[in-house]
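Me: Please examine the structure shown below and answer some questions on its helices, rings and charged pairs.

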Amino acid sequence: GNDNLIKPDRHIRNFILQASGDLVTMDRAQRIFEECVVKLKKCHPNMTARLLDHEIWKYMSNNE
């Protein structure tokens with residue numbers, strides 16, 4: 001697939017909820033990821049939405 005698209009599953013949406021206090025739609029989660037990747041690329045040039053999704057998913061699955 002596309003490295004710039006994510007599948008905002010429960011881990012991703014729960015991470016955003018914990019971080020922001022907002023329960024977001026799948027579309028909003030995608031936009032949040034796009035914005036975060038732009039900011040993270042400044043320090044991590046190889047960052048993609050898929051990589052960020054994977055790291056958050058690992059974090060959330062280990063902390064439930």
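Me: On what basis are the values computed?
Reply: This is a predicted model, in which local features need pLDDT of at least 70 and side-chain atom pairs count only at pLDDT 80 or more, while totals for chains, interfaces and linings use all residues. Residues are numbered from 1 along each chain as its sequence is written, and side-chain values use heavy atoms, with hydrogens and water left out.

Me: How far apart are the end C-alpha atoms of helix H3?
Reply: Helices (H or I, at least four residues) are DSSP runs, numbered from the N terminus. The expected span of a helix is 1.5 Å times one less than its number of residues. For the 14 residues of H3 (residues 49-62) this should give 20 Å, and the distance between the end C-alpha atoms agrees, being 20 Å.

Me: Which residues of H3 are buried, and on what arc do they lie?
Reply: A residue is buried under 20% relative accessible area, exposed over 50% and partly exposed in between (1.4 Å probe, protein chains only). In H3 the buried residues are Ala49, Leu52, Asp53, Ile56 and Met60. They lie on the same side of H3, because the arc that they cover around the axis, taken from the directions from the helix axis to the C-beta atoms, is only 100 degrees.

Me: Against which helices do the buried residues of H3 pack?
Reply: Contact here means heavy atoms within 4.5 Å. Ile56 touches Ile12, Phe15 and Phe33, not counting residues up to four places away in sequence. The buried residues of H3 pack against helix H1 (10-20) and helix H2 (26-40).

Me: Which residues of the largest nonpolar core touch the most other members, and which elements give two or more residues to this core?
Reply: A nonpolar core is a set of buried Ala, Val, Leu, Ile, Met, Phe, Trp, Tyr and Cys residues joined through side-chain atoms within 4.5 Å. Of the 13 residues in the largest one, Ile12, Ile16, Phe33, Leu52 and Ile56 touch the most other members. The elements that give two or more residues to this core are H1, H2 and H3.

Me: What is the geometry of the pair formed by Phe15 and Tyr59?
Reply: Rings of Phe, Tyr and Trp (its six-membered ring) pair if their centres lie within 6.5 Å; planes under 30 degrees apart count as stacked, over 60 as edge-to-face and the rest as tilted. A search of the whole structure finds one aromatic pair. Phe15 in helix H1 and Tyr59 in helix H3 are 44 residues apart. Their ring centres are 6.2 Å apart and their planes at 85 degrees, so the pair is edge-to-face.

Me: Which residue meets Arg50 in a salt bridge?
Reply: A salt bridge requires a side-chain nitrogen of Lys or Arg within 4 Å of a carboxyl oxygen of Asp or Glu, and the structure holds three. Arg50 lies in helix H3 and its partner in the segment before H1, so the pair ties together parts that are 47 residues apart in sequence. Arg50 is partly exposed at 38% relative accessible area. With an N to O distance of 3.3 Å, the partner is Asp3.

Me: How far apart are the closest N and O atoms of Glu35 and Arg28?
Reply: Glu35 is partly exposed, with a relative accessible area of 43%, and Arg28 is partly exposed at 32%. In their salt bridge, the closest N and O atoms are separated by 3.7 Å.
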